[in-house]
Amino acid sequence: MTPTSAATRTNNRPVVLGSTSRYRRELLERLRIPFSVTAPDVDETPQTGETPRQLALRLALAKAQAVAALHPQAVVIGSDQVADLAGQPLGKPGEHTRAVQQLRQMRGQTVIFQTALAVVCRATGFEAVDLAEVRVVFRDLSDDEIEAYLQAEKPYDCAGSAKSEGLGIALLESIDNDDPTALIGLPLIRTARLLRQAGVKLL
């Protein structure tokens, strides 16, 4: 049950998260505002010549716009994350063999996780996008470490095959970013900023 006081803070305009990610849902819950979740119907295939940054921004906005078409009175949040290894996008591995390949590619390397955010409200004409870059340096992992990690956490639904909020932190040398939740999948500092700009009262 959502508290009445929380509902009042949004000025009665619903908030919708356009995502199927449980990680983004759990992160958005930290802001303590009522929201619903709708899965966006968006083709996530990269376009020819598209950089990881461009891909993340395009998909975040496309997801928000697709869900806003279904909920025109709502403030809709869309987000997408692409792991950027030397300009090449690394998506969700989906299965074990692909995850092994990704982690072998990333060991000893710096990977930039491009986490894009879009907030759209059709009723007011509001539309804004932002992006948080997270620079992650991976340790020079052995094949045994990669296998042990994947068996333990099975992060096949995560871009780059690692969960920094879990055991995946042991794979890393360093993380450099200005929005601590961005690497998990939703940059909450930027999300809060865009929600305020869209008229959602958080405090």
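Modeller: Buried means under 20% relative accessible area, exposed means over 50%, and partly exposed lies in between (1.4 Å probe, protein chains only). This is a predicted model, where local features need pLDDT of at least 70, side-chain atom pairs count only at pLDDT 80 or more, and totals for chains, interfaces and linings use all residues. Residues are numbered from 1 along each chain as its sequence is written, and side-chain values use heavy atoms, without hydrogens and water.

Colleague: Why is arginine 32 called exposed?

Modeller: Its relative accessibility is 67%. Exposed means over 50%. Therefore arginine 32 counts as exposed.

Colleague: Where is arginine 32 found?

Modeller: Arginine 32 is in the loop between α2 (22-28) and β2 (36-37). Helices are DSSP runs of H or I with at least four residues, and strands are runs of E with at least two, numbered from the N terminus. The protein has six helices and seven strands.

Colleague: How far apart are arginine 32 and leucine 203 in sequence and in space?

Modeller: They are 171 residues apart in sequence. In space, their C-alpha atoms are 9.3 Å apart.

Colleague: How do you know that the radius of gyration agrees with a compact globule?

Modeller: The radius is taken over C-alpha atoms, and the globule rule is 2.2 Å times the number of residues to the power 0.38. For 203 residues, a compact globule would have a value near 17 Å. The protein has 17 Å, so the two agree.

Colleague: What percentage of the residues is buried?

Modeller: Buried residues make up 48% of the 203.
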